[in-house]
Amino acid sequence: FKSSRTGYLLARISGDTSGLSAISGSILQGIISNATTLIVTSTILFSLSQTLTLIVLVFVPISVGLSYWINRISRSYNIRGREIGLRTSADGQEILSAIDTIKIHASEHRELDKYANNLQKSISLTIASMLFGQVTGGIQRSISYALTLIVMLIGGTLVIEKLMSIGDY
């Protein structure tokens, strides 16, 4: 408590509390939902076509690996953004609580510059994070579309060669 500023600690407590409640439900829900979907669809697909199942299951580790990599980088953006936000909150609280002292010493410009610098860092990091999300989201969608196309082409070929019925396809 002696080494951290009050504004930083207050922002940290508030942010941690709301962040933990938001994450705890969404992560568990996502894991259960995705695992259930994978098991059910793989079982159904395997009963219809082992070939198509193997093709789809080859893409699962690629997709999981890509998601892991994306999440690691996104987490890095989030941690840096959060720290900048905490510093900005701490600076804002300290400026407001010491406004009389700041005015007496005529250091409004210095404090404003420091605050504006943190805001600019926060904005730049947010833009970089959004661009990263857009690019990686496009890559993930492209992989999904490629998988769909491959399954359609191979499934269509299996139907043409009478190795699979149109109904199963």
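Good morning. Among contacts in this protein between residues at least 6 apart in sequence, 72% join residues at least 24 apart. The model under discussion is a predicted one. The protein has four helices and zero strands, and its pattern along the sequence reads α-α-α-α. Of its 169 residues, 20% count as buried. The protein exposes about 12,100 Å², and 67% of that area is supplied by carbon and sulfur atoms.

I shall begin with the charged groups. How many salt bridges does a search of the whole structure find? The search finds three. In one of them Lys114 pairs with Asp91, with the closest N and O atoms 3.9 Å apart. This pair links distant parts of the chain, since Lys114 belongs to helix H4 and Asp91 to helix H2, 23 residues apart.

Glu111 and Lys114 are three residues apart in helix H4, so about one helical turn separates them. Glu111 in turn meets Arg110 in a salt bridge, at 3.1 Å from N to O. Glu111 is buried, because its relative accessible area is 12% and the limit for burial is under 20%. Arg110 is exposed, with a relative accessible area of 55%. Through shared partners, these salt bridges join Asp91, Arg110, Glu111 and Lys114 into one network.

Helix H2 also holds Thr88. Is Thr88 buried or exposed? Its relative accessibility is 8%, so Thr88 counts as buried. Apart from neighbours within four places in sequence, Thr88 is in contact with Tyr115, Asn118 and Leu119.

I turn now to the aromatic residues. The structure holds two aromatic pairs. In one of these, the ring centres of Tyr77 and Phe132 lie 5.7 Å apart and the planes meet at 45 degrees, so the pair is tilted. Tyr77 is located in helix H2 (residues 50–97) and Phe132 in helix H4 (residues 108–160), so this pair ties together parts that are 55 residues apart in sequence. Tyr77 counts as buried, at 17% relative accessibility, and Phe132 is buried as well, with a relative accessible area of 14%. Ring pairs bring Trp69, Tyr77 and Phe132 together in a cluster.

The remaining remarks concern helix H1. Ser42 has its place in this helix, which spans residues 6–48. With a relative accessible area of 17%, Ser42 is buried. Which backbone oxygen lies 2.7 Å from a polar atom of the Ser42 side chain? The oxygen in question is that of Leu38. Leaving aside neighbours within four places in sequence, Ser42 is in contact with Thr37, Thr53 and Leu57.

Leu48 is likewise placed in helix H1. Its relative accessible area is 35%, so Leu48 is partly exposed. Together with Val40 and Ile44, Leu48 makes a nonpolar surface patch of about 240 Å².

To close, I return to two items. The salt-bridge network comprises Asp91, Arg110, Glu111 and Lys114, and the aromatic cluster comprises Trp69, Tyr77 and Phe132. Thank you for your attention.

Notes: Residues numbered from 1 in each chain as written. Predicted model: local features only at pLDDT ≥ 70, side-chain atom pairs only at ≥ 80, totals over all residues. Heavy atoms only, no water. Helix = DSSP H or I, 4+ residues; strand = E, 2+ residues; numbered from the N terminus. Buried < 20%, exposed > 50% of the residue type's maximum accessible area, 1.4 Å probe, protein only. Polar contact = N/O pair within 3.5 Å; in protein donor to acceptor, adjacent residues only side chain to side chain. Contact = heavy atoms within 4.5 Å. Patch = residues over 30% accessible without salt bridge, like charges linked within 9 Å, V, L, I, M, F, W, Y side chains within 5 Å. Areas by Shrake-Rupley, 256 points an atom, 1.4 Å probe, with all protein chains shown as cover. Salt bridge = Lys/Arg side-chain N within 4 Å of Asp/Glu carboxyl O. Phe/Tyr/Trp six-rings, centres within 6.5 Å; stacked < 30°, edge-to-face > 60°.
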